Amino acid sequence: MSATTREEPLSSGSLLPAADDRRKLRKKRAFRDAFSRYGVGSSGIGVIIALALIFVYLFYETFPLLKPVSVELETEFSVPGDADRAPTLHLTLDRYEEIGARFSESGVITFFEAGTGALRSRLQIPVPEGERITTFGSGESRRSLFVYGFSDGSVLPLKVDYTQSFIDGVRQIEPKLSFPLGEEPTVLGDGAIEIYSALAIVEGRGGYVVAGGTEDGDLVMALFSTRTNLMTGAVQKQREDFSLPSIGRPVRQVLVNESLRNLFVVDDRGRLFNFDIVDRNNPTLIEEVDLVGTDARVTAAEFLVGSRSLIVGGSDGSVRQWFLVRNEETGKSHMTFVRGFQNHAGAVTTIEPEYLRKGFMTGDDQGNVGLHYATSNVTLKMQPVAESPIVRIAMGPNNGRALVKSEDLGAMQVLAIDNPHPQTSISALWGKVWYEGRAEPQFIWQSSSADDAFEAKFSIVPLSIGTLKAALFAMLLAMPLAIMGAIYTAYFMAPAIRKVVKPSIELMEALPTVILGFLAGIWLAPYVENNLPILVTGVILFPLLILVAAFAWSRLPQAIRSWVPSGWEAALLVPVVIGTGWLVVTSSPWIEIWFFDGSMRQWFTDVGIPYDQRNALIVGMAMGFAVIPTIFSIAEDAVFNVPRHLTNGSLALGATPWQTVTGVVLLTASPGIFSAIMIGFGRAVGETMIVLMASGNSPVVNFNLFEGMRTLAANIAVELPETAVGSTHFRVLFLSALVLLMFTFVLNTAAEIVRQRLRKRYASL
Amino acid sequence: MKEWWKSGAPWIWLNGGAVTISMIMVFGLLLLILVRGFGNFWPHGIFETTYMEPGADAPVRVIGELRRSETLTGEAMRSAGVDIPEDQVLVERHLVKMGNRDVTGRDFGYFIDDFMDEWRYPEDITVLERREWGDFLGTPLRLLENDVTVAVGDSLWPEFQQRLERSNDLFDEIRRIERGAIGNVNFRIERVRLDERRAELRGTTTPELEAQFAQRRADLEAEYRVLEERLNRLYDDAARDSLVLRVADGQEVTVRLADIVKAWQPNNMSIPAKVGFYVSDFFGFIFGYPREANTEGGIFPAIFGTVVMVLVMSIIVTPFGVLAAIYLREYAKQGALLKTIRISVYNLAGVPSIVFGVFGLGFFVYFVGGQIDQAFYPEALPAPTFGTPGLFWASLTLALLTLPVVIVSTEEGLARIPSTIREGSLALGATKGETLWKVVVPLATPAMMTGLILAIARAAGEVAPLMLVGVVKLAPTLPIDGNFPFIHLERKIMHMGFHIYDVGFQSPHAEAAEQLVYATALILVLLIVVLNLTAITIRNHLREKYRAEGD
């Protein structure tokens, strides 16, 4: 009350609004001020967080590569429906890892819920009257192919299929047996063999092969091929039997690879007999190899998926990988020891390969289970699951579940496995790896193939080398031109031309690299291939003729020279450079005729220099062109900002302009030039389009000037759109993006710090 | 000499030479693109000659357009399998565009100069640009209407021109119906399907609703049938006329007028006529749609896609970039932490663009897009709507990529404003917010403009990240059209830079497409050069202005 009365006389004489309005206005203004503060603040911080998110997200996507593998006991139950107590021959899991199957020696296959152990169904295989099962063999897990041997000497191959149907949207899976080679048991060879000690079945190119061996060392093999007549569509079945030379020792295991080229026999001493069965009528023994050393026996041997590698477990607990390596000289392939894995505490009793990767599980007679991965040479897990020896292991096709049966009476264990990315150990990414079928350990990037059993090769080395190679050749061209140009432009050039030159070169930086890449690939690469001598003559003639022209200029009479003020040398050189360019181009065919028998390209081939049309040189030229402006611009700033009193002092003391440049200007500006080079290098490392279009994109490991390369960035651009989200390949590509990000970020930060220091120093000088 | 060497002058000259070489490289490159790009549209003369390789039975007649000539050594040609006399050292060979890909299966060929007869330029040689199979070169003989000759000799050409115009009008009509009306009907049919599915998912389907959907669908299908009938009539109409021509080897070939885009007789054109042809060809290129796997026709969808993407990007990047810059410069507490943040933000400008593409694909497309699809477009699943690369994600990724550019430029502009202006405003009692928005920011707008233009120039030329997040070789529809909601942010787009990569390197007819790629490159370079020059001019102008005010 009093406040208003006191103010009343004031307001009547003033133009100010009423106090109430003013208070309102003040409030409004304060509110607006706060709104601006917090609005701007939150969006500013939001933007910074969004940018930081790039780092976080790339880390987040690559992190699962490092996650440790977990193998946990999910559940344990007594072997379902096991009335006969017959020993277990084999275990499998269906593709959804929901239904387990136990093959027992009585010829019963019991299907059960893998999660609970509840019985689903039992199938009895047709055992001939009055006979019993003596032998059992299985093919690759993904083929689900098995063979039984009976006491009358006959064998019966069969397949377990799962039919899938949807009832009310719920998936129903029913197992069923099928007989690809006929429902009747059949006799191999001439029927002389009664009891097999080992059987094998494989479905390969050209048909099924069933092979068997005995305690006496006798071997038989039969090839069942089906041929579909293209005209009539009739399926023609064919069967051929072959006999192999006896090995004279008890046969413990017979293995035939999918290509149907080799048959391996393991005897009781742990020796492997390698038969070449390409010529099936005349199988020859190529070699005998001792798989586990003389003190131990082979207790388990199994192919990895694709049947190229053999995993051998010994009675000493050793786990080793062997495969055929071709001897370049003789052209023969020999079984070669490739790598060993962590030893088991006891004898290895069973080996179970993964369905689609090069991993496998092992079990030993102490009840331990091991999980290994071949390519990356790691033992991911080794843990005890039972008290008694492990009999069989079954791995699910998705590598998420495993069944383990030990001798421990009726118990069966279910393991939950989380092992999504075993391929990427540090050594597999960065070290040489001996891949299947290769002659020696190598760096290879080959991420995918049409083949299911393909061994993915994720070596970052070829890509890193390619990246460095491209950047290096680019810097080789860009550094001298950009730095020399920067020194001249900043220190010698007349201001009138500098005004034109600097923006023009900076404009280059904005040129889309896709255009540079296109020109390099479509125009420059074929041109250089047809005119190779220009590379040599260009490097020699340009500096030489510039010097000659400069010398000639210095000999001209003073009267003429004084027409052109100093700082115009670059303009004077324009006709010289154009003339030299013309000379270099037109002389090219003549040089080929004089020095290279008419064709330098052909000469390269004769001398043995490999030459790709799109090669590192072309990339270097195009990318060099792209980084010149980056380096030039920063280096020019650094040189231009050298305080004038320093150079003037030097000149006043009698130093020539060039002495001043080398003694004062360069010394002072060197950190700036250095940071220019770093930023240029960073740009060259991450450049994608030029490399993609001008390099040929083959991931080779060399620094050959005339061969292509594949860089990290180009590789991402090529492969990322086609990978499955969340796969190892996807994450490795994210890893390479992260590597690029970190590398350029660190490089640029270092350069920026150097520049800021320099700026401070200039200010203090 | 020795003294001259000691004076250091040679080094200065060498450094000068480096500048000269760099400049000549820049301008040589621009010149190359200009010449090849603009040369694409000029109606070059067509020559006729006979070609006889040693050892051939009879000379071959060649009709074609000279693409380029090159000089090679005889040895190189001999090792490539061409029968060159032993004593010949140099060989000149010509790359000739012969057209008629469907007739001879070979539309480009190298010919050795020595084996060629004299070149003649007959006036009646005609080039037909066709909708399929590339160009056709031949001599017109007669014009047919429903297989009956209607014109020969002198009356042929004018009559042909007239009928070609008619057939092109018909074709435009067909295009309009196919692109516009039928596209619209299809769009609405899809709408009905989605509405139905949505009702199904929500469990709100009622018999009335279902009947309504069926009714809508039936209506649309009826509409479609009407259009289809009209189309068929038009197609029949267009098939009326055809032209018979003689090709180089003497064969007579009939070409339907409906397949011809345009026809010209380059040897019979005056210079003004050529200029007129040139201009119309150029506009046809810019406003036309691509044909034949992008190797022919125009690049309108690519230009349109680039522009729309850049516009959407600008709308995103400008407010955020400017606000972030204002925060960093005006509000944030200056200190070591802020310095680190600032350097980091600046450095993001130097991070390879492909990294942004990877982030965009993983985070925006798969993560955010996937979530959006689940929440808002469940009826379209499993076909993704936003969970797949598209216009919006491309723009957003590029916005992230160009944020540092805008931030740096705006901050620079804010820093340049003399503190006297700021203090004056504060002294008069303005709050910090008022000073900022009414005094400082308006003064700094030109700097923001510069930043935005630089960002646009960078975005327009960027290709690598776009390959991952939304640009495709051929988009069936433009991102903006007459169907509600008019701007389709989820659609895939075409882009000039990607067009260059794709046509230049993935196309089956690389030679035929080469000139088109040069022309596309030219348009892109012009766009970017103009944008950059604008930015540089604004920046220089501003520097002068503030220098004057600061003094």
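## Chain B

Helices (H or I, at least four residues) and strands (E, at least two) are DSSP runs, numbered from the N terminus. In this predicted model, chain B holds 16 helices and twelve strands. Its radius of gyration, taken over C-alpha atoms, is 31 Å, well over the 24 Å that the globule rule gives for 551 residues, so chain B is more spread out than a compact globule. That rule is 2.2 Å times the number of residues to the power 0.38. The C-alpha trace of chain B spans about 105 × 95 × 45 Å along its principal axes.

Buried residues (20 or more other C-beta atoms within 10 Å of their own, with C-beta atoms placed from the backbone) make up 37% of the 551 in chain B. Two residues are in contact if their C-beta atoms, placed from the backbone, lie within 7 Å. Among the contacts in chain B with a separation of 6 or more, 71% join residues 24 or more positions apart.

## Contact between chains A and B

Chain A puts 89 residues into the contact and chain B 84 residues. On the side of chain A that touches chain B, helix 2 (residues 19-62) of chain A gives the most, with 17 residues. That side of chain A divides into 57 nonpolar residues (Ala, Val, Leu, Ile, Met, Phe, Trp, Tyr, Cys and Pro), 21 polar (the others, Gly among them) and eleven charged (Asp, Glu, Lys and Arg).

## Domains of chain A

By an automatic or database domain assignment, chain A is divided into domain 1 (2-65), domain 2 (127-290) and domain 3 (461-764). The centres of domain 1 and domain 2 of chain A, taken over C-alpha atoms, are 81 Å apart.

## Conventions

Residues are numbered from 1 along each chain as its sequence is written, and chains are lettered from A and ligands numbered from 1 in the order in which they are written. As the model is predicted, local features need pLDDT of at least 70 and side-chain atom pairs count only at pLDDT 80 or more, while totals for chains, interfaces and linings use all residues.

Methods. Buried ≥ 20, exposed ≤ 12 C-beta atoms within 10 Å, placed from the backbone.
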